[in-house]
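Let's take a friendly walk through a protein together. Have a look at the sequence and the 3D view before reading on.

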Amino acid sequence: MCGIIGYIGHREALPILMQGLKKLEYRGYDSAGVAILNKENNIEIQKCKGRIKYLEDMVREKDLKGTIGLGHTRWATHGKPNDINAHPHFSGDHETVVVHNGIIENYLSIKENLILNGYQFISDTDTEVLPHLIQSLYQGNITEAVRNSLKIVTGSYALGVISKKEPDKIVASRSGSPLVIGIGDQEMFIASDIPALLNYTRKMIFLEENEIATIEKNCIHVVNLEGEEIKKKVVYIDWDAQMAEKSGYKHFMLKEIIQQPLVIRDNLVKYIDSGRVNLSDIHLPQNIVNSLEKIHIVACGTAYYASLVGKYAIESLSGIPVEVDYASEFRYRTQLLSKNSLGIVISQSGETADTIAAMRSCKNQVYSELAIVNVKGSTISREADQVMYINAGPEIGVASTKAFMGQLISLYLFAIFLGKAKKQLSGQNEEKILNEMMRIPHHMETIFSQDDKIKSIANQFSNYQHFLYLGRDINFPIALEGALKLKEISYIHAEAYPAGEMKHGPIALLDVNFPVVAIVPRDHVYHKMINNIKEVTTRDAPVIAVASESDEQIKEIVDKVIYIPDVQTILSPLLSVVPLQLLAYHIADILGKDVDKPRNLAKSVTVE
Ligand code: M6R
């Protein structure tokens with residue numbers, strides 16, 4: 001949802017801003033712009049509709065020189081994507097510029113007031129109220145003008161401000177949208193996420209809600225909305241710049257699919273000690289575990305589907321009932337929570353607005369809130385009572401893959417931990433599951449070795465307009481995830497159903513033009529799935545099956561089979577999702593879609 005980058009230091013700002021924008025492009029890509037404060041103390045803005053490459057062509061022609069600047073890549077909320085609505089936005093006197101990520105919810109009333117006072121608006125954005133407001137409240141101190149403006153606005157924001165009135169500063173603030181400050185040697189940076197800064201520094205400061213930072217090239221001063229000084233901790237980030245590069249892969253999504261065995265290994269190394277799950281960072285005393293009545297999980301998108309797999313795993317290994325909600329629904333519904341329950345929020349970015357709101361809405365109503373998160377320093381990781389990191393490294397592709405894998409493995413480990421604590425899972429069974437988990441990375445390689453076959457299936461199926469994904473039990477959420485992957489990157493309509501539900505409606509859709517992807521490992525519902533597949537083939541719909549290696553019959557009844565190694569049912573999602581990710585990837589690539597940056601989407605949804 002928009003990317004922000006800012007630089008102040010001794011180097012030319014433009015190349016740093018452009019490189020940062022390219023790294024942030026996944027957050028929004030309908031327009032982009034930069035503002036540079038030049039040596040003559042004028043602010044020059046260049047901005048245009050479309051991808052960063054258009055901005056790149058535009059700035060190549062200009063002589064934009066200066067060591068202070070801001071950049072922005074937009075995902076439009078208020079105002080169509082066009083040159084004028086692109087950020088940065090000027091104040092009326094052209095002395096101050098603002099880049100903003102988020103939504104100023106009361107912008108209409110602020111705008112009306114400003115217009116009454118003679119301010120003229122040129123864009124349709126909510127953001128434009130900010131530079132005018134800052135101008136109207138300026139009394140010799142830019143930080144104070146920003147602080148007083150932020151007291152008036154409601155909504156969400158991460159913003160960067162530069163002003164020729166005080167040309168040696170960037171003022172930055174956030175509330176509800178992410179912003180990180182990078183500390184270099186005689187230079188400072190701001191950005192919407194960590195990977196955008198990894199080429200320059202790994203020393204970061206994370207602003208809390210409503211904190212305002214005044215950033216000079218060699219110092220940072222932070223105050224809260226009341227103007228009180230805040231001491232900030234510098235956090236050292238252990239990701240490196242290479243982790244955020246494509247490393248020879250055609251797309252980040254493909255690289256991230258292939259990295260999944262590594263994600264599993266890293267988590268097993270971190271959370272298994274002497275053959276036992278060791279979640280020493282999680283504080284759940286035995287008396288609390290004994291009295292746990294329920295677990296509530298909230299998440300969005302792919303993280304929500306991982307939560308559904310987690311429900312099956314936790315319920316079957318520990319016997320504790322689990323309720324899973326979309327964060328966007330949970331935050332507004334009647335919440336029947338108790339201190340004998342545990343809250344879990346799952347988010348790759350840790351910045352999803354609905355997930356943050358859902359987490360805040362049940363603060364202090366449950367025993368504890370545990371966040372299962374990827375991005376260190378993110379809002380969710382800072383605000384939750386406890387954190388379990390999924391150790392997936394930076395995920396750049398908008399379609400989540402390796403983070404899903406990290407979420408699954410974390411949920412399995414947590415389920416085992418609870419199962420042991422509840423005395424529902426014996427040490428022997430724990431060992432059996434862990435031993436099998438350790439072989440999953442190797443099993444994944446055997447799926448990757450079928451990539452040519454998956455590509456050829458993708459070729460044959462890329463022209464269909466609709467797909468139905470079917471699964472049962474713990475593989476039903478994988479059908480949901482497979483369908484989401486296909487629709488978000490290829491724009492082909494896909495929906496998922498629990499296979500047993502098919503005959504209650506969706507079966508009416510099926511004919512020779514409506515392929516079905518069936519997840520059919522050899523498990524306790526295998527024969528039920530086979531019956532459902534027969535119901536499909538009887539209606540002439542083509543079937544692609546994801547089936548167990550040991551299943552010799554399946555090829556006789558379906559059109560195509562992608563085999564996954566046989567593993568115990570509970571762990572099968574770790575493997576069954578991989579062919580679905582690859583199938584979606586290849587179909588989208590064959591169709592020439594922008595796999596890493598699908599239309600209308602953004603990597604982290606930081607607005608409601
Ligand atoms: O960062 P989060 O895990 O909170 O993001 C949640 C969803 O926005 C995300 O999973 C989205 O659905 C992905 N595009 C799915 O590939």
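Predicted model: local features only at pLDDT ≥ 70, side-chain atom pairs only at ≥ 80, totals over all residues.

**The cores**

We begin inside the protein. In soluble globular proteins, nonpolar side chains tend to be buried together. Here, the largest nonpolar core has 102 residues. Ile295, Tyr412, Phe414, Met437 and Tyr469 touch the most other members of this core. Its top contributor is helix 13 (residues 402-421), which supplies 14 residues. Another core, of 30 residues, lies apart from that one and includes Ala32, Leu55, Leu64 and Ile237.

What is Met437 in contact with, leaving aside neighbours within four places in sequence? The list is Ile264, Leu268, Ile409, Tyr412, Leu413, Ile416 and Leu571.

**Helix 4**

Now find helix 4, which spans residues 129-137. Buried residues in this helix are Val129, Leu130, Pro131, His132, Leu133 and Ile134.

**The ligand site**

Finally, turn to the ligand, which 14 residues surround. Ser347, Gln348, Ser349, Thr352 and Glu488 are the closest of them.

| Residue and its atom | Ligand atom | Distance |
|---|---|---|
| Gln348, backbone N or O | oxygen | 2.7 Å |
| Thr352, polar side-chain atom | oxygen | 2.4 Å |
| Val398, polar backbone atom | nitrogen | 3.1 Å |

On its own, the ligand has 410 Å² of accessible area, and the protein covers 91% of that.

Key. Residues numbered from 1 in each chain as written. Heavy atoms only, no water. Core = buried A, V, L, I, M, F, W, Y, C linked by side-chain atoms within 4.5 Å. Buried < 20%, exposed > 50% of the residue type's maximum accessible area, 1.4 Å probe, protein only. Helix = DSSP H or I, 4+ residues; strand = E, 2+ residues; numbered from the N terminus. Contact = heavy atoms within 4.5 Å. Near = heavy atom within 4 Å. Polar contact = N/O pair within 3.5 Å; in protein donor to acceptor, adjacent residues only side chain to side chain. Areas by Shrake-Rupley, 256 points an atom, 1.4 Å probe, with all protein chains shown as cover.
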